[in-house]
Amino acid sequence: MNLNKTLSLIVISAMALAISSCGKQPPQSTIASGKTMGTFYRVQVVGGYKEGEQSLQSDCDKEFKKITDAISTFDKDAELALVDADFTTDPIVISPYLADIIKRCREQSDRIDYAMDISVGPLVNLWGFGPSKRNSVTPSDDEIKKAMALTGPDAYQIYEKDGAYYLQKKDPAVKLDLSTVGEGLGADAVAKTLDENKVQNYLASVAGASRSKGTNPKGDPWRIGIEDPTNPDHNVYQAVCPLGMAMSTAGSYRNYFKDAKTGRIFSHAIDPKTGRPVDHSTLSVTVIAKTAFETDALDTGLLVLGADRALKVANQDNLAIFTIEMKQGKPYARYSKAFSPYLKCADKINAKLEESL
Ligand code: FAD
């Protein structure tokens, strides 16, 4: 699903390696890659790492397992899947780790008027993007209304009592969905492990969420590609240098379903206010911030808002975002003021980029 995202990243780092091969030999990299959370990851450490790729691979997989065991809805034994399956309005004991993730999601939701809302589980499942099978028939208005009644900021509460953490649902059928932050959590967890092992230069990506530090093997800033969502090969539309910050992109062009009867395409970004997948012309939103959790939590909600509203929120909140819309059949990109520094080091593939007013 996000293979191309990872590939476009490899394209840029491989280019870096190729160019440098005419000069001084770049330092060797230690690379780990594989599948996690139903998508792909790739971690590149410039130089050595402990006992080499094996130990990098196992350190990454250990972090991903901890996240999956806590927040997967695709693994029925994961903590969140068990909480979602618990048909009760009684308080449910949850781990401090899961409580912290839910609390941090609420903080990000508050910034964007709950356009990202982790209580969308019933809507995600209704539209076929959850662990249940993919349907291909658009749900009825009545089904959407029923699912919406189970979502929203008051659908659940979490609290601590005598050192234990509890989640309490408003309705037994409330289901949380943390898929929108899984990749960001993964990229942050790997970055933390590499920092603890004193790694100075690395690029860690879980699908479209990445963390980077220091420089690439050529000694230049890491460059990450934002894909052209309108191009079937998803070539790089714009190279960006996150300059040690986290970066992630949410797109409405990759994970979708097509209504078998009408042929209409529905993206997996669902607007909690309408109960329906977004159907505006914004195809992707890229966010740069300190942590990949923050970028991954915000990118889906900003995609739901659409470019105009997302750029307004971003310019008010000094948030670095880059949006690509479909305009007269072509990709049309804008970015917030705070995004400008990240474009400076990378040649502007698309000179007509304009800073949003
Ligand atoms: P993002 O934009 O980051 O997230 C979109 C996802 O967030 C949607 O798929 C939906 O689940 C949810 N969402 C949609 N709208 C909203 C909204 N308004 N507010 C909040 N959330 C919203 N997928 C598989 O196919 N197989 C697996 O085995 C599998 N295992 C997983 C395990 C874990 C721990 C996690 C976190 C996810 C797993 N997934 C799996 C799901 C898959 O990884 C996600 O679909 C993917 O992470 C979404 O990332 P994205 O960048 O494509 O979209």
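**Close-up 1. Helices lining the second largest pocket.** In this predicted model, the helices α2, α4 (96–111) and α7 each supply at least two residues of the lining of the second largest pocket. Helices are DSSP runs of H or I with at least four residues, strands are runs of E with at least two, and both are numbered from the N terminus. With 6 residues, α7 gives the most to this lining. The second largest pocket holds about 260 Å³ of space, a volume being the space filled by probe spheres set on grid points joined across faces, edges and corners. Of its 14 lining residues, Tyr97, Leu185, Asp188, Ala189 and Lys192 lie nearest the centre. By class, the lining comprises 7 charged (Asp, Glu, Lys, Arg), 5 nonpolar (Ala, Val, Leu, Ile, Met, Phe, Trp, Tyr, Cys, Pro) and 2 polar residues (the others, Gly among them).

Residues are numbered from 1 along each chain as its sequence is written, and side-chain values use heavy atoms, without hydrogens or water. Local features need pLDDT of at least 70 and side-chain atom pairs count only at pLDDT 80 or more, whereas totals for chains, interfaces and linings use all residues.

**Close-up 2. The largest pocket and its lining.** The volume of the largest pocket is about 940 Å³. A pocket is an open set of points on a 1 Å grid over the protein atoms alone, where a 1.4 Å probe fits, with protein on both sides within 12 Å along at least five of seven lines; lining residues have an atom within 4 Å of a point. Here 44 residues form the lining, and Ser179, Thr180, Glu183, Asn255 and His268 lie nearest the centre. Two or more lining residues come from each of α2, α7, β10 (246–251) and α8, and α8 gives the most, with 5 residues. The lining divides into 19 nonpolar, 17 polar and 8 charged residues.

**Close-up 3. The shell around the ligand.** The ligand takes up the space of the largest pocket, in that more than half of its atoms lie within 2 Å of the grid points. The elements giving two or more residues to the shell are α2 (53–71), α7 (179–196) and α8 (292–305). The largest share, 4 residues, comes from α7. Among the 25 residues around the ligand (a heavy atom within 4 Å), Met37, Asp177, Glu183, Ile270 and Thr300 come nearest. The shell has 12 nonpolar, 9 polar and 4 charged residues.

Close-up 4. A polar backbone atom of isoleucine 270 lies 2.7 Å from a ligand nitrogen. A side-chain N or O atom of aspartate 177 is 2.8 Å from a ligand oxygen. At alanine 115, a backbone N or O atom is 2.9 Å from a ligand nitrogen. The protein buries 88% of the 960 Å² that the ligand exposes when taken alone (Shrake-Rupley method, 1.4 Å probe).

Key:
Polar contact = N/O pair within 3.5 Å; in protein donor to acceptor, adjacent residues only side chain to side chain.
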